[in-house]
Amino acid sequence: MDIVVVESPTKAKSIAKYLGEGYKVLPSYGHVRDLPEKDGSVRPDKDFEIIYEPLPEKLKRVEEIARAVKGARRLWLATDPDREGEAISWHLKSLLDERGATKGVDVKRVAFHEITKPAVLEAMRHPRGLDTNLIDAYQARRALDYLVGFTLSPVLWRKLSGARSAGRVQSVALRLICEREAEIEAFVPREYWTVEATLKTARGDRFKARLVALEGKKLGKFDIPDAKAAEAAAAAIRARPLKVTAVEKKQVSRTPPPPFSTATLQQEAARKLGFSAERTMRVAQRLFEGVDLDGETVGLITYMRTDSVSLSNEALLAIRKVIGARFDQAYLPPRPRQYKTKAKNAQEAHEAIRPTDPARTPEEVARFLDEDQRKLYDLIWRRTVASQMAAALLDRLTVEIASPDGAVGLRASGQTIAFDGFLKLYEEGRDDRPSEEEDEETGKTLPPLVAGEQLEKEEVTPSQHFTEPPPRYTEASLVKKLEELGIGRPSTYASIISVLKERDYVKVEKGRFVPTDRGRLVNGFLVSFFDRWVQPGFTAELEAKLDEIAAGEIDWRSVLRAFWEPFKSSVDEVQRRRVSEVLEALNEALAPKLFPPRADGSDPRRCPLCGEGRLSLKLGRFGAFVGCSNYPACRYTRRLDGEEGDGAEARVDRLLGVDPATGEEVWVKDGRFGPYVQRGEGEGAKRCSLPPGTDPQTLDLERALKLLALPRELGRDPTTGEPIVAGIGRFGPYVQRGRRFVTLPPGDDVLEIGINRAIALLAESGEGGGRTAGALLRELGIHPEDGSPVLLFAGRFGPYIKHGKLNVTLPKGTDPQSLTLDDALALLEAKAARSGAAKRSARKASKERAASSRAATAASGEPAAATSTARRRKAGAATSARAASAGSPKASRAPARSRG
């Protein structure tokens, strides 16, 4: 018997079918060993010795694998084909070696880049040993992240109360977001004007042209700075006849984008589907591991953690066959397209992310997939097939127009699609706004025009414009930026973004990242005192070193030594600084935000209340704020967003308006348990807490009145006839039916949720399991043994996993956002094992008591029946005595003593 170990039960189930008899496929449920989350797990003083410990929840799984391996002919380590997968195999083998399970067993390493029968069987024919270079690169990355986190975070906590943590890569991502916000705040819009003319040909055809030259000189963007200059330019056009001086026709081709890598998949799924990076990777994992297609479990896409954009020859042939069958021959180029990776520090030379069988169309598999899977598979299939289609052909027409004296020159441009090519199937999204010229050209057609043709002016219109600041990062544009800079790995982007949100360093507004005050303070601290270590360039260089380790070019410990000594020296130096020094450094770093220039030009740090004190950043019980140095004589305070306080920290109290129905004032206020809205005063006032994520500074009267109208009835349950209502309670927004409450997940708005969604949430929360279900956070996947869903809920006492009637609370420190199906299955299995052990122990104890009783009876010489009868009489007498003495407290205790 051969033993094959993979990460997940879904993958195990698929591969077991392909390998058949003679193989037993077992899941490890992810990592089995890791650094314990405590000081001393990495020992720089002992040449960076790393202490690993088995994960407690995986011990039973390791023992099960060890029992299976003992006596087996071969052990096949078939974890994922990347550094993490190599590390899982290495950790598992180390634990099996310690148990003596691998003695006399041939251990092989095999990697599956797709979960299909041909690919699995082909990989099994080409095993290898563990790649020590990949393992060393994994250890170096793990040690670096640990040393930064466990060394830098305590300094943050001591010097900057309210800070959560600092990470090697997350801190650089935070820096990018904060620097972009600072750019936006410092941006000064610049006015400029354009002039456009509506022209008509002799045939009556109308079109528009823009002024591009004035007084014989080409106009720059800011050469018409104000309304006066714009009107003068418009007058110059109106005063002169115009004719066509040149017509240029040009056909250009547009080639398709390459197939997806991990980073581009995350970017495009964010743009087109609205998926977070974490959601994209979770859904892609399920498509990779396999989906049941009419009884056959098949992996629908190749491995989803890759930097590569190349395709195998077999895949190219299959894709071209699909194009030839579905489209006209004009859409099939004469030769396959070959793409090369452009990303900095690209690694893991696998294929791009593609369908395992391009002939398996989205329409064909849609009925087997859930909505997220269907959307992502459709995106991957279209991008992959389009990458091998013919280029699109665009006709561009540029018409130059001028006055006879050359004083004014105008230009009209248009672009139309002559042949759609790959655009028939797919067009790549974009994050940035198109330029005015691009926007003007797209889809615009011009009438037939020839040089020398006279034109009639119908209207000349000046238009005012202002330059705009750079846009805030979206998930897609942030991932793109990190990839361009070579920071982190595509497989880590989802967790980086998740950590920034969970630490409350950033928030998302209209799909874009905005740094919170806490995030800006942490970034200001890191940039002020650890600038080198959070420089994008330094982090990218470190990533390049890790790639060199993976290639076997340098020793991993030498990289750690070069990093640790100067880093530790910087940390020690900052630890010696007083908090006042830290705050003054932040005053300087964040001066444009904390102390914006005043209209009168006076010192922005002079206290506006007492006129003598200096304003400075201060740390309070509820976070940071700006206060006067003359405190407590002067109690001036101001929130970081500029709103003045009441002598402690600034409040959000403000009048929103008057309720037209009652004539009462409506306020948003800051209370002990957070912001809330209030209508009226005194005992009759109506109050309602603000839903999570609602900014009290942007709340308006209309939304406040809707909140005050809660709870609201959504409709009636079609089964029970009970009313279903939505409201906001002690634990946040909820829906209710009868005595059953379910907290709303983060994506649902208590003011917008409808009856169908509410019924679904109540149904998903379930009725069993011994506790009232809270908000359904997400479905983790399908349990491989019974096909029922494994769900993650937000409960009253923290997040928990639910499968059928079995509930498991997440261990302390577990991140619910990064929890995978494999993690959940391991926790469920451990809980089931503990429950089973407890029941067995109880049964054993019961049997032992019974055996002891029988032995005592035998020793007394009395028949068992007589002894039993005597016991019952004695118990009855005691009960009668208690009943008789119930009226007297003293008497009621006597029988209890007499039984002793």
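## Lining of the largest cavity

In this predicted model, the residues that line the largest cavity divide into seven nonpolar, three polar and one charged. The lining is made up of Val148, Leu152, Gly167, Arg168, Ser171, Trp533, Val534, Phe538, Thr539, Phe563 and Phe567, and the elements that contribute two or more residues to it are helix 5 (132–159), helix 17 (536–550) and helix 18 (556–575).

The volume of the largest cavity is about 80 Å³, and the structure holds six cavities of 30 Å³ or more.

## The parallel sheet and its helices

Four strands form an open sheet in the order 2-1-7-8, with parallel pairing. Strand 2 (23–27) and strand 8 (106–109) stand at the edges, and because each has a single partner strand, one side of each is left without a neighbour in the sheet. On average, and with direction ignored, neighbouring strands of this sheet are turned by 20° against each other.

Strand 7 (residues 74–77) pairs with strand 8 in the parallel sense over four bridges, and arginine 74 has aspartate 106, in strand 8, as its bridge partner. Helix 1 (residues 9–19) packs on the sheet, where it touches strand 1 (2–6) and strand 2, and its direction makes about 170° with that of strand 2. Helix 2 (residues 59–69) lies across strand 1, strand 2 and strand 7, and runs at about 165° to strand 2.

## An antiparallel hairpin

Strand 18 (residues 506–509) and strand 19 (residues 512–515) run antiparallel and are joined by four bridges; valine 506 has proline 515, in strand 19, as its bridge partner. The two strands form a hairpin with two residues between them, and lysine 510 in the turn has a positive phi of about 55°.

Isoleucine 184 lies in helix 6 (residues 170–186). With its neighbours within four places in sequence left aside, isoleucine 184 is in contact with Pro469, Pro470, Pro471 and Arg472. The C-alpha atoms of isoleucine 184 and arginine 472 are separated by 8.1 Å, although these residues are 288 residues apart along the chain.

Serine 498 is found in helix 15 (residues 493–502). Its relative accessibility is 11%, and serine 498 therefore counts as buried, the cut-off being under 20%. Apart from neighbours within four places in sequence, serine 498 is in contact with Asp815 and Gln817.

Technical notes
Residues numbered from 1 in each chain as written. Predicted model: local features only at pLDDT ≥ 70, side-chain atom pairs only at ≥ 80, totals over all residues. Heavy atoms only, no water. Contact = heavy atoms within 4.5 Å. 1 Å grid on protein atoms, 1.4 Å probe; cavity = no way out; pocket = protein on both sides within 12 Å on 5 of 7 lines; lining within 4 Å. Points joined across faces, edges and corners; volume = space filled by probe spheres on them. Nonpolar A, V, L, I, M, F, W, Y, C, P; charged D, E, K, R; others polar. Pairing = 2+ DSSP bridges. Buried < 20%, exposed > 50% of the residue type's maximum accessible area, 1.4 Å probe, protein only. Axes fitted to C-alpha atoms, helices over the stretch in contact; angles between N-to-C directions.
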